[in-house]
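Me: I would like to learn how to read a protein model. Could you take me through one, feature by feature?

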Amino acid sequence: MAKEGIAAGGVMDVNTALQEVLKTAIIHNGLARGIPEAAKALKRCQAHLCMLASNCDEPVYVKLVEPLCAEQQINLIKVDDNKKLGEWVGLCKIDREGKCLKVFGCSYVVLKDYGKESQAKDIIEEYFKCKK
């Protein structure tokens, strides 16, 4: 589905760029998943980007993540569904055909390392420049 959006329009949108950046970060071990690991990365200013699920069921996480990102001046982007975020960061079981069978929800993820330069990384950075 993401590849169709790129081929048809020729331009990558922010969600597709996020997916590409996350795939690259997974390969280069650049993601912090889970509360302890992600909070450490935020506190130590090791984060380039933080993604928070809008439907996060723990208000404590939101109260922790949003102020930490603001204090450390780390870009924060909200994703509409924790299952979607979980799938993007590889928290799912995949069958032989490459389809996700069981997706685990993920409340927030911290991107510590982009892995490599890419068009997707440039789109994400441009998105935050325009937001400021």
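This is a predicted model: local features need pLDDT of at least 70, side-chain atom pairs count only at pLDDT 80 or more; totals for chains, interfaces and linings use all residues.

Me: In what order do the strands form the open sheet?

Reply: Strands of a sheet pair through backbone hydrogen bonds, either parallel or antiparallel. Strands (E, at least two residues) and helices (H or I, at least four) are DSSP runs, numbered from the N terminus, and two strands pair if DSSP finds at least two bridges between them. Here 4 strands form an open sheet in the order β1-β6-β2-β3, with mixed pairing. β1 and β3 (75-79) are at the edges with a single partner strand each, so one side of each has no neighbour in the sheet. From one strand to the next the twist averages 20 degrees, where axes are lines fitted to C-alpha atoms, for helices over the stretch in contact, and angles run from 0 to 180 degrees between N-to-C directions.

Me: Which strands run antiparallel to β6?

Reply: β1 (residues 31-33) is antiparallel to β6 and joined to it by 3 bridges. β2 (residues 49-53) also pairs with β6 in the antiparallel sense, over 4 bridges. Val110 in β6 stands opposite Ala32 and is the bridge partner of Cys50. β2 and β3 pair in the parallel sense over 5 bridges, and Ala53 has Val79 of β3 as its bridge partner.

Me: Which way do the residues of β6 point?

Reply: In a regular strand the side chains alternate between the two faces of the sheet. In β6 (residues 108-111), Tyr108 and Val110 point one way, Val109 and Leu111 the other, and all are buried. Buried means under 20% relative accessible area, exposed over 50%, and partly exposed in between (1.4 Å probe, protein chains only).

Me: How many residues does the largest nonpolar core have?

Reply: A nonpolar core is a set of buried Ala, Val, Leu, Ile, Met, Phe, Trp, Tyr and Cys residues joined through side-chain atoms within 4.5 Å. The largest one has 23 residues, and Leu49, Met51, Leu85, Leu111 and Ile124 have the most contacts inside it. Its largest share, 5 residues, comes from α2. A second, separate core of 14 residues includes Ala38, Ala41, Cys50 and Ile74.

Me: At what angle do the axes of α2 and α6 cross?

Reply: Two packed helices are described by the angle between their axes and the distance between the axes. The axes of α2 and α6 cross at roughly 125 degrees and come within 8 Å. That makes α2 oblique to α6 (under 35 degrees is roughly parallel, over 145 roughly antiparallel, 65 to 115 roughly perpendicular, the rest oblique). Residues making the contact (heavy atoms within 4.5 Å) include Val14 and Ala17 of α2 and Ala120 and Lys121 of α6.

Me: Is Lys121 buried or exposed?

Reply: Lys121 is buried, at a relative accessible area of 11%. Leaving aside neighbours within four places in sequence, Lys121 is in contact with Val21, Tyr114 and Lys116.

Me: What does Leu64 touch, not counting residues up to four places away in sequence?

Reply: Leu64 touches Ala39 and Tyr108 on that count. Leu64 is in helix α4 (residues 59-72) and is partly exposed, at 28% relative accessibility.

Key:
Residues are numbered from 1 along each chain as its sequence is written. Side-chain values use heavy atoms; hydrogens and water are left out.
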